[in-house]
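Please consult the sequence and the model shown here alongside the text.

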Amino acid sequence: MIKIYTDYEVKKHSTFKIGARVKKAAFPETIGELIELINSNEYDLVLGNCSNVLFSSQDIDKNIIFTEKINKYNIDGHKVYVSCGTKGPIAASECAKRNLSGFEFLIGFPGSFGAMIYMNASAHNQSVSDCFICANVYDTENKKIININKEQMQFKYRNSIVQEKGYIVLDAEFLLKEGNEKTIKEIMQRNIEFRKNRQPSLTFPNAGSVFKNPDNDSAGRLLDLCNLKGETYGGAMIFQNHANFIINKNNASSSDVLNLMYIMYSKVKEKYRIELVPEIKYIGSEKTQEYKLWKKITENTEMMQK
Ligand SMILES: Cc1cc2nc3c(=O)[nH]c(=O)nc-3n(C[C@H](O)[C@H](O)[C@H](O)COP(=O)(O)OP(=O)(O)OC[C@H]3O[C@@H](n4cnc5c(N)ncnc54)[C@H](O)[C@@H]3O)c2cc1C
């Protein structure tokens, strides 16, 4: 029996620790259940570990499927099979124990494989695309499972065919390289140390980088040049050590975060004529004032995608 809740508070799922209630939340445990829910046409969105989203603090008129319980993985020689909801750090630690190299970068952030393939997650000069072989995705329009290889996946910076076509990642296969547990763990430790000084850990709730890097530049650099580190709006604050992170410092609402995002977006636009594109996705009802603010921040992104 699939666990389905109505008027479900999503705050505890979000790494931002922000969010009111959604109309319906479903937690499938198998890929079959996930497809059954998608085919019901009752759901608006599929989410993994909610580490790249900002839920509204006002009730959200949406039905959401969470994949966190579809979290199986299997390691066979150098091949690693993961279901969509499997978390990166869990697979990375298990691979390290088996002397498998390629997932060292996953140790530092709490993404699920479905989302990481959707947006080609990367860090420390490694990306999900590096060791990727293929994925089964669900084509929601034609209601069928298709197998997509690396070339067909068209991985780019923070993008893949999954995003373009609205596919849902079901599971995936990777081929890792032979390594050495000690060296792999040293690299992981280095990655963790690097983040400790430059990025907020989850002790300061956040949802990773706020904006994508523009071509040949860094959003963090531009925001820093606008002197935005430490800037606050309500309970939200731009992280002191990295200007492209917003932390939930003191019971921030989604509106606090969006207002801060608008300040960041506007300052960079004014000073450098660059319109930053959000990496974080906002999930809220279209009737609210704050949705209008989100539309202002993403106006240009949508024009570019037309
Ligand atoms: C402290 C911190 C550090 C971070 N550092 C990095 C970093 O270094 N590099 C990096 O790339 N990211 C980083 N992130 C961001 C985030 O972890 C990644 O974007 C990750 O891929 C999101 O995974 P998720 O499961 O939480 O996705 P969610 O937030 O649940 O969803 C994100 C998007 O993916 C889509 N999605 C989810 N599951 C599926 C699926 N099965 N099929 C299709 N689409 C799906 C959702 O619809 C949504 O649009 C960081 C986040 C935090 C909090």
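The sections below treat the chain, its sheets and the shell around the ligand.

## Basis of the description

The model is predicted: local features need pLDDT of at least 70, side-chain atom pairs count only at pLDDT 80 or more, and totals for chains, interfaces and linings use all residues. Residues are numbered from 1 along each chain as its sequence is written.

## Overall architecture

The chain contains nine helices and 18 strands; these are DSSP runs numbered from the N terminus, with helices (H or I) of at least four residues and strands (E) of at least two. Its radius of gyration is 19 Å, close to the 19 Å given by the globule rule for 306 residues, so the chain is as compact as a globular protein of that length. That radius is taken over C-alpha atoms, and the rule is 2.2 Å times the number of residues to the power 0.38. Along its principal axes, the C-alpha trace spans about 50 × 45 × 35 Å.

Three domains divide the chain: domain 1 (3–66), domain 2 (73–195) and domain 3 (219–305). Their bounds come from an automatic or database domain assignment. Between the C-alpha centres of domain 2 and domain 3 the distance is 28 Å.

## The five-stranded sheet

Five strands form an open sheet in the order E6-E7-E13-E11-E12, with antiparallel pairing; two strands pair if DSSP finds at least two bridges between them. Strand E6 (73–76) and strand E12 (144–149) are the edge strands, each pairing on one side only. From one strand to the next, the twist averages 15°; angles run from 0 to 180 degrees between N-to-C directions, and axes are lines fitted to C-alpha atoms, for helices over the stretch in contact.

E6 and strand E7 (residues 79–83) run antiparallel and are joined by four bridges, with aspartate 76 opposite lysine 79 in E7. Helix H1 (residues 31–39) packs on the sheet and touches E7, strand E11 (132–139) and E13, its direction making about 150° with that of E13. Contact here requires C-beta atoms, placed from the backbone, within 7 Å. The hairpin of E6 and E7 has two residues between the strands, and glycine 77 takes a positive phi near 65° there. E7 is also joined to E13 by five bridges in an antiparallel arrangement, where tyrosine 81 faces glutamate 173.

## The three-stranded sheet

A further open sheet has three strands in the order E15-E16-E17, paired antiparallel. Strand E15 (232–233) and strand E17 (246–248) each have a single partner strand at the edges, so one side of each is left without a neighbour in the sheet. Three bridges link strand E16 (residues 236–238) to E17, and methionine 237 stands opposite isoleucine 247.

## The shell around the ligand

The ligand is surrounded by 32 residues, the closest being Gly48, Gly111, Gly114, Ala115 and Gly208. Two or more residues come from each of strand E3 (45–47), helix H3 (113–118), strand E9 (122–123) and strand E13 (168–175). H3 gives the largest share, four residues.

Domain 1 and domain 2 each contribute at least three residues to the shell. By class, the shell has 19 nonpolar, 12 polar and one charged residues. Ala, Val, Leu, Ile, Met, Phe, Trp, Tyr, Cys and Pro count as nonpolar, Asp, Glu, Lys and Arg as charged, and the others, Gly among them, as polar.

Terms used:
Near = placed C-beta within 6 Å. Contact = placed C-beta atoms within 7 Å.
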